[in-house]
Amino acid sequence: MTACGARPAVVVAEDDPDIARIIEEALRADGVVEPILVSNGALVIDAVIASGARLLLLDVRMPGASGIDVYDVVRNHPALAGIAVLFVTANPEVARETIRGNAPREVIAKPFDIDELVATVHELLAPRIAA
């Protein structure tokens, strides 16, 4: 929990509505975070800034802007320096190549195990919630 007791926001950038729903339901059921769904890459940065998200779950292929393009903006945007990024993608090799040397970032390949995804969200958020 954050200092004010609210659940931290996590932006889920996923254009496949079925996958987005599965992730949203799992994160809501877990009760630790407040998922915010975004299906267009061009809207992700605004959603992250507006929500104060501490974690971004990011697909590589999305309409509007690719996850790689979004990642580049996040990496170079001063206001987003502390946000964790978790790629959840059917293109794990592309994501791993993009983030090489920029740890701590993670990649989970689709299809994914929902329990592994939720555990990774906890792991990435732990230092950001305590701060």
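**Group meeting: a walk through the sheet and its helices**

Strands count as paired if DSSP finds at least two bridges between them. The strands (E, at least two residues) and helices (H or I, at least four residues) I mention are DSSP runs, numbered from the N terminus.

Before I go on, a word on what you're looking at. This is a predicted model, where local features need pLDDT of at least 70 and side-chain atom pairs count only at pLDDT 80 or more, while totals for chains, interfaces and linings use all residues. Residues are numbered from 1 along each chain as its sequence is written, and side-chain values use heavy atoms, with hydrogens and water left out.

Okay, back to β3 and β4. L55 stands opposite A84 in β4, and L56 stands opposite V85. To get from β3 to β4 the chain goes through α3, and that β-α-β crossover is right-handed; that is, with the strands pointing away from the viewer, the path from the first strand over the helix to the second runs clockwise.

On its other pairing, β4 is joined to β5 by 4 bridges, and these two run parallel. Here L86 has E106 in β5 as its bridge partner.

So which strands make up the open sheet, and in what order? There are 5, ordered β2-β1-β3-β4-β5, with parallel pairing. At the edges sit β2 (34–38) and β5, each pairing on one side only. From one strand to the next, the twist averages 20°. As a reminder, strands of a sheet pair through backbone hydrogen bonds, either parallel or antiparallel.

Is β4 buried or exposed? Buried means under 20% relative accessible area, exposed over 50%, and partly exposed in between, with a 1.4 Å probe and protein chains only. By that count 6 of the 6 residues of β4 are buried, so the strand is largely enclosed by the rest of the structure. Both of its faces are covered: A84, L86 and V88 are buried on one side, and V85, F87 and T89 on the other.

Now the helices. Helix α1, residues 17–30, lies across β1 (9–13), β2, β3 and β4, and runs at about 165° to β2. For those angles, axes are lines fitted to C-alpha atoms, for helices over the stretch in contact, and angles run from 0 to 180 degrees between N-to-C directions.

In α2 (residues 44–51), the buried ones are V44, I45, A47 and V48. They cover an arc of only 165° around the axis, which puts them on the same side of α2; the arc is that of the directions from the helix axis to the C-beta atoms. What covers them includes β1, β2, β3 and α3. Turn to the face pointing away and you find the exposed residues D46 and A50. A50 comes in at 71% relative accessibility. Its C-alpha atom is 20 Å from that of V121, 71 residues apart along the chain. After α2 comes G52, with a positive phi near 70°.

Helix α4 (residues 92–99) buries P92, A95, T98 and I99. Seen down the axis, those residues fall within an arc of 125°, so they line one face of the helix. They pack against α3 (67–76), β4 (84–89) and β5 (106–109).

E14 is in the loop between β1 and α1, and E14 is buried, with a relative accessible area of 4%. What does the side chain of E14 make a polar contact with? The side chain of K110, at 2.6 Å. A polar contact is a pair of N or O atoms within 3.5 Å; within protein, one must be able to donate a hydrogen and the other to accept it, and residues adjacent in sequence count only if both atoms are side-chain atoms. Leaving aside neighbours within four places in sequence, E14 is in contact (heavy atoms within 4.5 Å) with residues including D59, M62, V88 and K110.

The other one is T120, in helix α5, residues 114–130. T120 is buried too, with a relative accessible area of 11%. Its side chain reaches the backbone oxygen of E116 at 2.8 Å. Not counting residues up to four places away in sequence, T120 touches L86, E106 and I108.
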